[in-house]
Amino acid sequence: MVRWILLLLMFIFGAEPALAADPVRSLKVGDILPDVPLTGLNGPSSRTSAFRGKPLIINVWASWCGPCRQEMASLERLAWQDTGRFSVIGISTDDYAGKARAFLALSHATVAHYIDVQLALEHLLGADRLPLTVLVDADGRVLEKVYGARVWDGEPAVAFVERLFGLAP
């Protein structure tokens, strides 16, 4: 909300936002996820490079997004049923970390969640609508982008993840 007000004021007074002057190209399938700092919400801060070496599922969400809230439990269950063959993390695009933390506490989230303070990941991953789930291979290559809520712990989704990551069932 705050960023939209600032953009509106910049438009009214003729200032250009930094992103307009230096647009960020969003990653496409096949691109390598760059090393980006991650500010911890329910644990320590990290970097995207810390997740290299095994496949990664990145879920981009917001506490105000109904479909995001709906699918989050299935991502938790997917992470719980996996035997460490891949990691699952969440990236909140909330304007206020307190709101994101409150939702995580309410939902009893156990996977690592981070807040996208300057919306760098939102733009980089191409999260122009939420939720967005990005599947990244062990080398950091984006394999797939899935927009919209899914049931990630159901048999079809688990088979999809295993097939995409080249994991034996």
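His108 counts as exposed, with a relative accessibility of 62%. This residue sits in the loop between helix 4 and strand 5, and its phi is positive, at about 60 degrees, although His108 is not a glycine. Leu119 likewise has a positive phi, near 60 degrees, in a residue other than glycine. The loop that holds Leu119 runs between strand 5 and helix 5. At 9% relative accessibility, Leu119 counts as buried, the cut-off being under 20%. Most residues other than glycine have a negative phi, and most peptide bonds are trans. A cis peptide bond is found between Leu130 and Pro131, with omega at about -5 degrees. Pro131 belongs to the loop between helix 5 (120-125) and strand 6.

These values refer to a predicted model. The mean pLDDT of the protein chain is 87, and 86% of the residues reach 70 or more. Over residues 2-23 the pLDDT is below 50, and this stretch has 13 contacts in the model beyond near neighbours in sequence. Where pLDDT is low, the predicted coordinates should not be read in detail.

The secondary structure of the protein chain consists of 6 helices and 7 strands. Read from the N terminus, the order of the elements is α-α-β-β-β-α-β-α-β-α-β-β-α. Of the 169 residues in the protein chain, 41% are buried. Among contacts with a separation of 6 or more, 67% are between residues 24 or more positions apart.

The 7 strands of an open sheet are arranged in the order 2-1-5-4-3-6-7, and the pairing is mixed. Strand 2 (46-47) and strand 7 (142-147) are the edge strands, each pairing on one side only. Strands of a sheet pair through backbone hydrogen bonds, either parallel or antiparallel. The antiparallel sense applies to strand 1 (residues 37-40) and strand 5 (residues 112-115), which pair over 2 bridges; here Gly40 stands opposite Tyr114 of strand 5. Strand 3 and strand 4 pair in the parallel sense, over 6 bridges, and Val60 has Ile91 in strand 4 as its bridge partner.

Strand 4 is mostly covered, with 6 of its 6 residues buried. Ser87, Ile89 and Ile91 point one way from this strand, while Val88, Gly90 and Ser92 point the other way; all are buried.

Helix 3 (residues 66-81) lies across strand 3 (56-61), strand 4 (87-92), strand 5 and strand 6 (132-136). The angle between helix 3 and strand 3 is about 160 degrees. At Met72, helix 3 bends by about 30 degrees. Met72 is also one of the buried residues of this helix, together with Cys68, Glu71, Ser74, Leu75, Glu76 and Leu78. An α-helix has 3.6 residues a turn, so residues three or four places apart point the same way. The packing partners of the buried residues of helix 3 include both strands and helices: strand 3, strand 4, strand 5 and strand 6, along with helix 4 (97-107) and helix 6 (155-165).

Methods:
Residues are numbered from 1 along each chain as its sequence is written. This is a predicted model: local features need pLDDT of at least 70, side-chain atom pairs count only at pLDDT 80 or more; totals for chains, interfaces and linings use all residues. Side-chain values use heavy atoms; hydrogens and water are left out. pLDDT is the predictor's confidence in each residue, from 0 to 100. Contact means heavy atoms within 4.5 Å. Two strands pair if DSSP finds at least two bridges between them. Helices (H or I, at least four residues) and strands (E, at least two) are DSSP runs, numbered from the N terminus. Axes are lines fitted to C-alpha atoms, for helices over the stretch in contact, and angles run from 0 to 180 degrees between N-to-C directions. The bend at a residue is the angle between axes fitted to the seven residues ending there and the seven starting there. Buried means under 20% relative accessible area, exposed over 50%, partly exposed in between (1.4 Å probe, protein chains only).
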